[in-house]
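Have the structure open as you read.

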Amino acid sequence: MQIRHTFGQKNPVYASSLNNMALMHKMMGNNQEAMDLYIKALQIYEDTLNRDDDADTSSAVKGGSKIRKGKYHASYASTLTNLGLLYKSMATSGNDGNTSGNGTDGSEMDAPVKLKRSEIDQLLERSEEALTDALHIHTALLNPGIECSANGKLDADLSHSKDVVTAAMALGK
């Protein structure tokens with residue numbers, strides 16, 4: 001990948017490319033590869049974005065502690081949204097998007113691996129957590145005076161934002 005050679009692997013531009021590749025893999029049904037790329041992109045964003053800890057910027061609070069600035073960025077939140085939608089898609093389809101590799105026609109492809117109910121529930125929990133965290137970040141970026149309380153709820157009246165999460169979850173179907 002030319003971007004990796006030009007910018008290096010610890011660069012937000014590279015993370016953006018990973019996010020785009022993950023979208024492509026999701027569309028092709030390669031959910032595990034997409035998930036791995038999203039997670040890698042999130043880690044790079046977290047490690048590289050806004051490293052100046054002394055900068056006087058507004059911050060969101062989650063669980064009683066400030067969100068690290070690398071997580072407090074629109075690119076991080078967008079990738080987190082994509083990951084949440086992938087989890088939702090995997091849960092609603094009931095399979096992980098990978099195949100068993102025991103094709104009966106001599107090929108290596110077979111039906112997608114079916115998920116257990118507990119795995120589906122776990123994916124739905126991950127989806128909700130990722131989409132909620134992304135919403136909190138986006139909301140804090142758009143409304144710097146709004147902070148999350150220790151229990152993770154937004155302090156301001158953001159009932160319309162719940163509709164955004166619901167709509168985002170519906171898009172993953």
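## A charge over a ring

A charge counts as sitting over a ring if NZ of Lys or CZ of Arg is within 6 Å of the ring centre and within 35 degrees of the ring normal. Keep in mind that this is a predicted model. In it, R126 lies over the face of Y87, 5.6 Å from the ring centre.

What about aromatic pairs, and how many does a search of the whole structure find? The count is zero.

## α2 against α3

Start with helix α2, residues 12–27, and helix α3, residues 31–48. Their axes are 8 Å apart and the packing angle is about 160°. Angles over 145 degrees count as roughly antiparallel, and α2 and α3 are therefore roughly antiparallel to each other. The crossing is left-handed.

Which residues do the touching between α2 and α3? On the α2 side you'll find P12, Y14, A15, S16, L18, N19, M21, A22, L23, H25 and K26. They meet N31, E33, A34, L37, Y38, K40, A41, I44, Y45 and T48 in α3. Sorted by class, that contact has 13 nonpolar, five polar and three charged residues.

## α2 against α4

Next up is helix α4, residues 74–93, which packs with α2 at an angle of about 15°, the axes being 11 Å apart. Are α2 and α4 roughly parallel or roughly antiparallel to each other? Angles under 35 degrees count as roughly parallel, so α2 and α4 get that label. Their crossing is left-handed.

From α2, the contact uses N19, L23 and K26. From α4, it uses T79, N82, L85, L86 and S89. By class, you get three nonpolar, four polar and one charged residues here.

## α3 against α4

That leaves α3 with α4. Their axes come within 10 Å and cross at roughly 155°, which makes α3 roughly antiparallel to α4. Here the crossing is left-handed.

The α3 side of the contact is N31, A34, M35, Y38, I39, A41, L42, Y45 and E46. Facing them in α4 are S75, Y76, T79, L80, N82, L83, L86, Y87 and M90. The class breakdown for α3 with α4 is 13 nonpolar, four polar and one charged residues.

Y87 ties two parts of this tour together: this α4 residue is part of the contact with α3, and R126 lies over the face of its ring.

Note on methods. Residues are numbered from 1 along each chain as its sequence is written. This is a predicted model: local features need pLDDT of at least 70, side-chain atom pairs count only at pLDDT 80 or more; totals for chains, interfaces and linings use all residues. Side-chain values use heavy atoms; hydrogens and water are left out. Axes are lines fitted to C-alpha atoms, for helices over the stretch in contact, and angles run from 0 to 180 degrees between N-to-C directions. Helices (H or I, at least four residues) and strands (E, at least two) are DSSP runs, numbered from the N terminus. Angles under 35 degrees count as roughly parallel, over 145 as roughly antiparallel, 65 to 115 as roughly perpendicular and the rest as oblique. A crossing is left-handed if the near helix is turned anticlockwise from the far one by less than a right angle, and right-handed if clockwise. Contact means heavy atoms within 4.5 Å. Ala, Val, Leu, Ile, Met, Phe, Trp, Tyr, Cys and Pro count as nonpolar, Asp, Glu, Lys and Arg as charged, and the others, Gly among them, as polar. Rings of Phe, Tyr and Trp (its six-membered ring) pair if their centres lie within 6.5 Å; planes under 30 degrees apart count as stacked, over 60 as edge-to-face and the rest as tilted.
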